[in-house]
Amino acid sequence: MEKSKFEKIEKKWQNNWEKSKIFQVKENHKKPKYFCLEFFPYPSSFALHMGHLRNYTIGDVIARYKRMNGFNVLYPMGYDSFGLPAENAAKKEGIHPKKYTESAIKKIMEYQKALGNSYDWSRKISTHEPEYYKWNQYFFLKFLENGLVYRKKAPVNWCLSCNSTLANEEVVSGKCWRHEDTEVIQKELEQWFLKTTAYAEELLNDIDKLEWSDRIKTLQRNWIGKSEGLLIDFAIKNSKKKIQVFTTRADTIFGVTFLVVSPKHNLINELAKENKKQVEELSRKVQNEEEKDKEGVFLGSYAINPMTKEEVPIYAANFVVAEYGTGAVMAVPAHDKRDFEFAKKYNINTKIVIVPESGAQFKAISGAYVDEGILINSEKFDKMKSRTAIKVISDYIEKNKLGRKITQYKLRDWLISRQRYWGTPIPIVYCKKCGAVPIKEKDLPVLLPEKADFKVEGNPLQHVKEWTDVKCPSCKSKARRETDTMGGFVDSSWYFLRFCSPANKKSAFDKNEVKYWMPVDQYIGGIEHAVGHLIYSRFFTKALRDLKMLNFDEPFTKLYNQGILYKDRHKMSKSFGNIVTQTEISDKYGIDTARVFLMSVASPDSDMEWSDKGVEGSFKFLQKVLRLSELKFRKENEKDEHKRNLTIKNYTKLVEEIKFNLAIIELIKFTDYLAENPNKKGYEDLLKILSPFAPHICEELWNKLGKKSFVSIEKWPEYDEKKINKQIEEQEKNVDKLIEDINNVVNIIKEKGKEASKVFVYVLPKEKEIYSNEVEAVKKRTNLDVKVYAVNDKNKYDPSNKSSKAKPGKPAIYLE
């Protein structure tokens, strides 16, 4: 089929779907609801590549399949349209972020519509629109009223490329998540936070309710990081102050040989009697715990071990963060790998306090002993098992008021302040008399000023005086607006709720609509947001529930993480210069070919390598489907019925399990069968079950049959178990095995430099008819002339007496 023909068919059916509004939905309590949603995209590009298409096709196949199975399907699309790239474009190219963003959205929508996805476009949202971000401000005020928002001066992550703060979840291995080559530094700033820690325990416990991958669940559990342990007081030598240290390993306290504090520790100025310049340098660095290079500096101060009364040196190091725990850790190099490496680097002594129960000798020379064992060098706790000693020593420390038992979380409160223009304005003004004053709800939204100078250094909002200079809502004195805007993750933490009633002007969402549609039944997106967006959305849902706005605990019932698309061994992306665009493929092969290929190469949750040959293969398959329409159909026979029902059974199960690559194999086999055995019922059902993957071609062929309906909303075909003939199934397997055996012998002959042109097949008399009916199939798949004989046929050609080796279901063969 020529390019113009593809384009004509695709546009024809896209227009027909749009005119007929067949994908628009509303509440219908007579049908089960199904909310299917992909992570909504950030419009940072004006084109889509095959990696994007893979994500969107997964969602569309699921939505179409569920719709045909009688579900009332909500499948919307929107845009996460606030963010840094638009502001960078404004600074570099002089394009206003709004103009840049809306142009990008318009172009991406064109591409998405050309993909043929069955979105309900009437529900489109964009987070940069005041109708949307008004509700970000509303939630901020409600959270503020309920103690879930606060402002404080704190060391924050600062990206020099973004020229803005980053949340902890946006720092990956010490680098900015958007600028992978930019080291993140630390700054002291007054910032706004959402109190995610108020929900730490519930966020952790409810992970078990989720139908998510074990990998994502583990990432979230580790990020929340619940620890039950001790807060121990270490006195500072020659000072009345103490350093508090949290530990889960009370059994190792007799092995502490030094303490390590954050360069941002609140006592750092008092502790740093030496090496102050090195401490300042350390304080500017952010170090991930998994990073290998641990840097530290001796502070010239000592602490007193409360159990041994020994003096231990105090170091500052880049792997201890002030915001985590107490900002100080006790170091036990003989029994902790990180501490061992640090002690070895800075020549600090070690002290063994646990040895293997087996009595095997252990010396802390080559590494740390981190397993369970028996205590030594631990005074009255000697010979105690280490697991038992954790509780016994913890009880002793608490009883003697040397510390106390606590539960601690690694999860930190969510930093939402950003020093940039293109985001939701924080609805606060600062008054010299009243302090930080919230804007009244009736005055929302606080709109971004249209005019701003994007060439200035730092945040453009700070320089828009007509916007910043206002009157205090309380006392009417001169006041100044907050110029920080909210981070983009605020926008994406509730957008799924807005899809339920996107035109609502009176509230963020209609409670009845949300009650009907939520939670999202199937959410689809990448693993990169495991500890960012997915945790924030869960927090938002729980907070809104407690404000009586929602009646459920979790936003996403099922989560499906698609794999990464690679080309030339690199992730497909503009930065690697290896993208294959949507139009490159659709112009040459049609968009249905791209859809089928992207779903057929590997399981959708697995990584896959782009293959031009693979695209050709998918194109040939769809060409074969097109050729079926030109065949003369006969009436369905028993074998046809068996084949159709078995295909529907196997295929439906695989689609339900999102094993699309295996499902397409079933389609290919059934198409091959129909090419040899054309029947109308089988062909009609093929078009129905293929339509989620190749909707344009299937609509065209369905229409060619004289059908007035859309195949996209036809009822999914059901299989009849009684029509599946196990005997026929077994016969098919035997024929497949015969063909495999013939081809294996052909290959052996070729290796010997010979060629075969004929195959003689010897079968048991009762199987003669079965194999004779498959002669054409065997010819086609072996490229040989085929002759079938019963073993008792006196006139058979059998020069090597191969017929004597025939067994039930396993014919003998002879090639020449």
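**Why is it called that?**

User: What makes Lys681 count as partly exposed?

Analyst: Lys681 has 36% relative accessibility. Buried means under 20% relative accessible area, exposed means over 50%, and partly exposed is in between (1.4 Å probe, protein chains only). Since 36% falls in between, Lys681 counts as partly exposed. By the way, this is a predicted model, where local features need pLDDT of at least 70 and side-chain atom pairs count only at pLDDT 80 or more, while totals for chains, interfaces and linings use all residues. Residues are numbered from 1 along each chain as its sequence is written, and side-chain values use heavy atoms, leaving out hydrogens and water.

User: And why is Asp685 called buried?

Analyst: Asp685 comes in at 2% relative accessibility. The cut-off is under 20%, so Asp685 counts as buried.

User: How do you know that Asp685 and Lys681 form a salt bridge?

Analyst: A salt bridge needs a side-chain nitrogen of Lys or Arg within 4 Å of a carboxyl oxygen of Asp or Glu. Here the N to O distance is 3.9 Å, so the pair qualifies. Both residues sit in helix H22 (residues 680-690), 4 residues apart, or about one turn of the helix. A helix here is a DSSP run of H or I with at least four residues, a strand is a run of E with at least two, and both are numbered from the N terminus.

User: What makes Lys209 and Asp553 a tie between separate parts of the chain?

Analyst: Their closest N and O atoms are 3.3 Å apart, and they form a salt bridge. Lys209 lies in the loop between helices H6 and H7, and Asp553 in the loop between helix H16 and strand S28, so the pair joins parts that are 344 residues apart in sequence. Both also belong to a network of salt bridges whose members include Arg538 and Glu554.

User: Why does Glu767 have no salt bridge?

Analyst: The nearest side chain of opposite charge, Lys766, is 6.0 Å away. Lys and Arg count as positive, Asp and Glu as negative, with His and the chain ends not counted. The salt-bridge limit is 4 Å, so Glu767 goes without one, though it is buried.

User: What makes a set of residues a nonpolar core?

Analyst: Its members are buried Ala, Val, Leu, Ile, Met, Phe, Trp, Tyr and Cys residues joined through side-chain atoms within 4.5 Å. The largest one has 86 residues, and Phe139 and Phe540 are among those with the most contacts inside it. Helix H5 (residues 130-145) gives the largest share, 8 residues.
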